[in-house]
Amino acid sequence: MEINDELFTNIKKKTNVNKDDLLSLAGRLNDSNMKDRDTLTGIIRDLSKLTGKEVSLEKEEKIINMILNDKVPTKVDNFFEKLL
């Protein structure tokens, strides 16, 4: 098993999101304007559906504002800590 396959297998176990969905979302992120509120809203909602995790409107707004104002920490762990 390749390292990429192992990574995707572990992600699927933890989130129930498959490799094709993740790659599709990643492609969308690459092609997107990450400073556009509508784009960010769509991506957050799609990710919420993929993972089966509900994101409140308040939390969605907080995520969008962090991204638009360049307040996203460089470490993912820190990003999630700020949201919780």
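Analyst: **A helix pair and its surroundings**

Asn16 counts as exposed, with a relative accessibility of 58%; exposed means over 50% relative accessible area, buried under 20%, and partly exposed in between, using a 1.4 Å probe and protein chains only. Asn16 sits in the loop between α1 (3-15) and α2 (19-31), and its phi is near 65 degrees, a positive value in a residue other than glycine. Please keep in mind that this is a predicted model, where local features need pLDDT of at least 70, side-chain atom pairs count only at pLDDT 80 or more, and totals for chains, interfaces and linings use all residues. Residues are numbered from 1 along each chain as its sequence is written, and side-chain values use heavy atoms, with hydrogens and water left out.

Asp70 lies between α4 (57-68) and α5 (76-83) and is exposed at 62% relative accessibility.

Of its 84 residues, 20% count as buried.

Now to the helix pair. The axes of α3 and α4 come within 10 Å and cross at roughly 130 degrees. The axes are lines fitted to C-alpha atoms over the stretch in contact, with angles from 0 to 180 degrees between N-to-C directions. That angle makes α3 oblique to α4, the term for whatever is not roughly parallel (under 35 degrees), roughly antiparallel (over 145) or roughly perpendicular (65 to 115).

Which residues make the contact? From α3 come Arg37, Leu40, Thr41, Ile44 and Arg45, and from α4 come Leu57, Glu60, Glu61, Ile63, Ile64, Asn65, Ile67 and Leu68, a contact being heavy atoms within 4.5 Å. By type, the residues of this contact divide into seven nonpolar, two polar and four charged. Here Ala, Val, Leu, Ile, Met, Phe, Trp, Tyr, Cys and Pro count as nonpolar, Asp, Glu, Lys and Arg as charged, and the others, Gly among them, as polar.

Finally, Ser48 also belongs to helix α3 (residues 37-51). Ser48 is buried, at a relative accessible area of 16%. Leaving aside residues up to four places away in sequence, Ser48 touches Lys53, Glu54 and Val55.

How values were computed: Helix = DSSP H or I, 4+ residues; strand = E, 2+ residues; numbered from the N terminus.
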